[in-house]
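This briefing concerns the nonpolar side chains and aromatic rings of one protein model. Please consult the sequence and structure shown here alongside the text.

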Amino acid sequence: MTQDDKALLLAHMQLHRYAEHMLGKRGWFLLSSFGRVMRGQYSGQYVSGVPTPVARSFVDTLAAGGTVAIHLMHRYKSGNYESSHLRIVAGSLVMVFQDREESA
């Protein structure tokens, strides 16, 4: 394993610990496993595939009370192209659609 590989692994482990602390285990699991970026440079990619600093910025934004353009794909039904953004309400992730909000 190269030094670069070790540095990447360490950064990933630090992100995992930080994100679980800030979002809770379930929140981080949902975001990192099913979160698909809907806007910007990484649009169409999953949170698990973006650079660690970018993923951390999503966590920071959510933890600060902001909204991120990420749709959770865990309830996706084929042919449904509706998307949502995420924010935290009372410590839990909430999917914000155009006409409603749903608990993640």
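The points below are grouped by topic.

The model is predicted. Its largest nonpolar core has 23 residues, and a nonpolar surface patch is made by M1, L9 and M13. The structure also holds one aromatic pair.

**Nonpolar core**
- Within the largest nonpolar core, the residues with the most contacts inside it are W28, L31, V50, F58, L62, I70 and L86.
- At least two residues of this core are supplied by each of α1 (3–34), α2 (52–63), β2 (70–72) and β4 (92–96).
- Helix α1 gives the largest share of the core, six residues.

**Surroundings of L86**
- Beyond its neighbours within four places in sequence, L86 is in contact with L31, L62, G66, T67, V68, I70, L72, V94 and M95.
- Among these partners, L31, L62 and I70 are named with L86 as residues with the most contacts inside the core.

**Surface patch**
- The patch formed by M1, L9 and M13 covers about 320 Å².
- M1 is located in the segment before α1.
- M1 counts as exposed because its relative accessibility is 70%, and the cut-off for exposed is over 50%.

**Aromatic pair**
- The ring centres of F29 and F34 are 5.8 Å apart and their planes lie at 80°, so the pair is edge-to-face; the cut-off for that class is over 60 degrees.
- F29 counts as partly exposed because its relative accessibility is 46%.
- F34, at 29% relative accessibility, likewise counts as partly exposed.

Methods: Residues numbered from 1 in each chain as written. Heavy atoms only, no water. Core = buried A, V, L, I, M, F, W, Y, C linked by side-chain atoms within 4.5 Å. Buried < 20%, exposed > 50% of the residue type's maximum accessible area, 1.4 Å probe, protein only. Helix = DSSP H or I, 4+ residues; strand = E, 2+ residues; numbered from the N terminus. Contact = heavy atoms within 4.5 Å. Patch = residues over 30% accessible without salt bridge, like charges linked within 9 Å, V, L, I, M, F, W, Y side chains within 5 Å. Areas by Shrake-Rupley, 256 points an atom, 1.4 Å probe, with all protein chains shown as cover. Salt bridge = Lys/Arg side-chain N within 4 Å of Asp/Glu carboxyl O. Phe/Tyr/Trp six-rings, centres within 6.5 Å; stacked < 30°, edge-to-face > 60°.
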